[in-house]
Structures are given as structure tokens and as C-alpha cells.
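Please open the model in your viewer and keep the selection panel at hand.

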Amino acid sequence: MNTFLFPLRQTLRRDLLLAIRHKTEVITALFFFVIVVNLLPLGIGPDPDLLRKIAPGALWIGALLATLLGLQRLFSPDHADGTLEQMALSPQSFTLLIAGKIWAHWVVSGLPVVLVAPVLGVQFDLPAHSLLILMVSLLLGTPVLSFIGAVGAALTLGLRGSGVLLSLLILPLYIPTLIFGAGAVEADLAGTGVQGHLSLLGALAVLSVFFAPWATTLALRIALE
Amino acid sequence: MSVSLINWFKFSSPASFYPLAGRLVPWFATIFFLLLCVGLWIALMMAPTDAQQGEGYRIIFVHVPASWMSMFIYCVMAFWSAIGLAFNTRLSGMMTSALAPTGALFAFLSLWTGSLWGKPMWGAWWVWDARLTSQLILFFLYLGFIALQAAIDDPRRADKAGAILALVGVINVPIIYFSVQWWNTLHQGASVSMTKAPSMAHIMLAGMLIMALAFWAYAITMALMRVRCIILERELASEWVKRNAME
Amino acid sequence: MQWNSLNDFLHMGGYALYVWGSFGACALAMAVEPWLLGRRKQAVKERLSDKETD
């Protein structure tokens, strides 16, 4: 098992090391999330009832956009300096190497969002239990965003205007995650059960974690041809 | 000649498919035209007035076929994409890109007619009904596909990237549809449904099916015409184009 | 036949805007698309004949 996942751990560690050296990327995604979510009360008004109502959607859309920000740079630096080509040619499983990179993207752009979300939730006057559900839903949902996003990043690798194109391709595919994720928090606020939402979110996570790396490597091989 | 004797793979090369498509176009155009005349006659002349929705329900004779076709075309695109990735045939990629604009057009028409139906029935041009919302997302998927192919200069890469996107999309479409349905039932239930007319008379159903078949023939005609353009554009330099395409 | 007069038919029981708006949009789309494709084909053929004269 350990040797099987070795390539995954390799790229995961490498990308995390790179992220620690260039701290700006982590900070940019997080700061973007905080700012976008904070703009909403300024645009809508400070009414606590209204804010509590829009909080799940606002926080989730913020998370969605923050993930999107880092996706453009998921493969492009490695593509530019030829590392990606080396990975594709290496005897190790390309899919696992790529899966490691995607997990690294999640640690850099998804995990901070999960950790900061409760603070923003407090700003939106969410009760403590809903904050917990918010964190759980983001914890299950942000990997889905990274993994589906990776397919889009691979498809648009090296194209002109790839950033905008990436959002156009990926955002429609994010809709189920958004619905189940924000829905879980809403259901908790409304006092109805959250299990349904969370288990569907979990199912999406499992599906995307297993199948997206495969589609991503296929797309990367095409881009590298 | 029995079907199995025809060498189907012969037609998987663009050079031999080009004239075949050219011969098929007038046939499908004729089928389209005939079915359209019958369908419109039923839809506008024969079908009785609906008890609840008055004459406004006649919109479903174009709305439902357009919606069906937009979904069907996406599935056909995914089918060609799978063939293209599995057998590495050039023609399947061309077919996929030939179908996309027509599919997008049907998705748009479905939204447009849905909105025109919604205004008198729901009192609003847009309602966040599960069907309409899913249709909107399908429209976005089409636009994404077209934009991706437009951004890639190398046609072979465009075909393959488009194929992956179409397959990822087709896996997601049911999930999206289910999630939107789920979201919709949690927030509000739509009172009037477009296709669940309480007493769908046989003549109405027949009209809808014939219109759907007419739209299907239209889609095939357009796809064949477009695939001919694509073949010519891509093979401009090759000998057979110079010899044959000038007729 | 559901209609007594042409006016009746055009009026569509008060739903004229919606019904004709829908059917009209479809008719327009199905006229414009073949026309655009015809122009696209023409453009390719012109490029082809340009090449031959080169």
C-alpha cells in the first residue's frame, strides 16, 4: 500500500514544499476568499437575519472562486519548465503523481478555506452548530472542487485566455457540490436533517477523487503531445 | 447487399464520408420538411385547446422537442467522443464538433420557449424551476465545449480535449439534474409542470413526437452540412479535396 | 380544425405573443443556421479556388 501510493506522496510533498517557499499563493487564495465573502454584507446590508440566510451560499461561492484562482497555476509552471513531461515519461504512475499534485492544491487552497470559514460564519451570525456543519461540508466538498477543477486545468493547459475558459468549463460542473454543500448548512439552519446532504457530498468526493485524476492525466497527455 | 457486407470503416475516413454526407443531406432535409409540415399542422390546427392552459400550451410543441434534442445531441456527442478516444478515428471528433452548435441552439431555443411559456403560466419570464435550471446548465456546458474547441488551434488536440470534456459532462449531467431537482424541492415546488399536462390527449402526444422527429431530422441535416464544412476546412491541402470538392 | 377565422388563429386565444414568439424564434433559428452554414461552405470553396490560382 505504502509503495503503491509512493508517487502520490512524492508530488504532494514537492508541491507543498514549493508552496511553503512561495507563500504568496496560499495567502492570495485565502485573502481572496475572505474579501469576496466580506464584500457581500457591504453590498446587501447588515441585517443579521438576511445575512444568516445568505451565509451558506455566500461562503460556498467564496470557496468555489478561491479554488478556481489557484487552479490556473496547477499545471502551468510544471508544463513551462518541462517537469510535467518528465512525470509523464517516468516509470511511476502518472495518474498517482498527478493525484498528489491535486491533493497539494487542495491543501494549499481548500484546507485554509475550511479553517477560516467559521470565522467568516461568525460574521454572518451563524450559530455554533451550523459553523460545525459548514466546516464538515467544506471539508467534504473542497476536494471535489480541486479534483474536478484539475480536469479543467489540464484541458486548458497552455491555451490563450485559459483562465476565463477554465471558469467557463468548470463552474457548471461545480453546481452539484455547491447545492449539496450550501444545502447542508441551510438544512441545519432550518432544523432539518443534514445527513442526506453530507452523504451525497461524500459520494461526490469519493467519485471525483477516484475518477478525476484519470481524466486529468488523459487530458494532460493530449496537451503534452 | 446485406448490411454486414458494407465496409463501415470505409466511411470513417473523412475523404469517403464527405460525398456520403453530401448525398444524405437532401434526404434528411426532405424528411425534416415533411415531418415539420405534418407536425405543425397537428400542433397548430388539429390539437384541441387545453382546458387549463388555453392556447398557450401550444408552445410545448416546440419547447419539448427542443429540450429533448438538446439533451439527446449531448449524449450523441459523448458517444462520438468515446468512439474517437477509443479508436482514434478522425471523423468522430469532427462529428462531435459538428453537433455542438446545433445542440447549443436547441438548448437556447428550449430556454427561450420555456421562458415564453412561463410568463403567462407562472407570471414570470424566469422561474427557478428544476427543468429550466438544468437546461440552462446544459446550455453552459455546450458553450464551454464550443469555447474550448475554439481556443485550441491544433484540430487533433481540439478533438481530443473536446471528447474528454463531453464525456466528463455527460457523466455530470445526471448528477446536475438530480442536484437541481433536490435543490428545487427543498426550496419551492413548481405548481404547473410543462410536460405533465393533466390530460395529455393522444393527438397532442402525437404532435409532440412528430415535431421531435422533425427536429431530429433537422439536427442530422445541420450536423452533416457542418461536418462537410469542417472536413473541407481541415483537409484543404489534401489532394482529394482539390479533385472532388469543387463539384 | 380548431379555428373559425384567420384572426382567431393569429390571436391564439390571447397567447399570441408567447406562442408566435416561440414558434417564430424556432423558425428564425432554423433559417439562420442553414444560411450561416451555406456561407461557411462558400468561404471554404473560395479559399480552395484561391489556392488553385496561386
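**Stop 1: chain A by itself**

Select chain A and follow the sequence, which runs in the pattern α-α-α-α-α-α-α-α-α; that comes to nine helices and zero strands, where helices (H or I, at least four residues) and strands (E, at least two) are DSSP runs numbered from the N terminus. The radius of gyration of chain A, 18 Å, is close to the 17 Å that the globule rule gives for 225 residues, so chain A is as compact as a globular protein of that length; the radius is taken over C-alpha atoms, and the rule is 2.2 Å times the number of residues to the power 0.38. Turned along its principal axes, the C-alpha trace of chain A spans about 55 × 35 × 30 Å.

This is a predicted model, in which local features need pLDDT of at least 70 and side-chain atom pairs count only at pLDDT 80 or more, while totals for chains, interfaces and linings use all residues. Residues are numbered from 1 along each chain as its sequence is written, and chains are lettered from A and ligands numbered from 1 in the order in which they are written.

**Stop 2**

**Stop 3: where chain B meets chain C**

Of the two pairs of chains that touch, chains B and C have the most contacts, with 31 residues from chain B and 23 residues from chain C. Helix 2 (60-87), helix 3 (90-122), helix 6 and helix 7 (239-244) of chain B each supply at least two residues to this side, and the largest share, eight residues, comes from helix 3 of chain B. Chain A and chain C do not touch, and their nearest C-alpha atoms are 24 Å apart.

**Stop 4**

Which residues have the most contacts inside the largest nonpolar core? They are Ala154(A) and Ala219(A), in a core of 165 residues; such a core is a set of buried Ala, Val, Leu, Ile, Met, Phe, Trp, Tyr and Cys residues joined through C-beta atoms within 7 Å, and a residue is buried if 20 or more other C-beta atoms lie within 10 Å of its own. Finish by selecting Ala154(A), which touches Phe75(A), Thr216(A), Ala219(A), Leu220(A) and Ala223(A), not counting residues up to four places away in sequence.

Definitions and conventions:
Contact = placed C-beta atoms within 7 Å. Buried ≥ 20, exposed ≤ 12 C-beta atoms within 10 Å, placed from the backbone.
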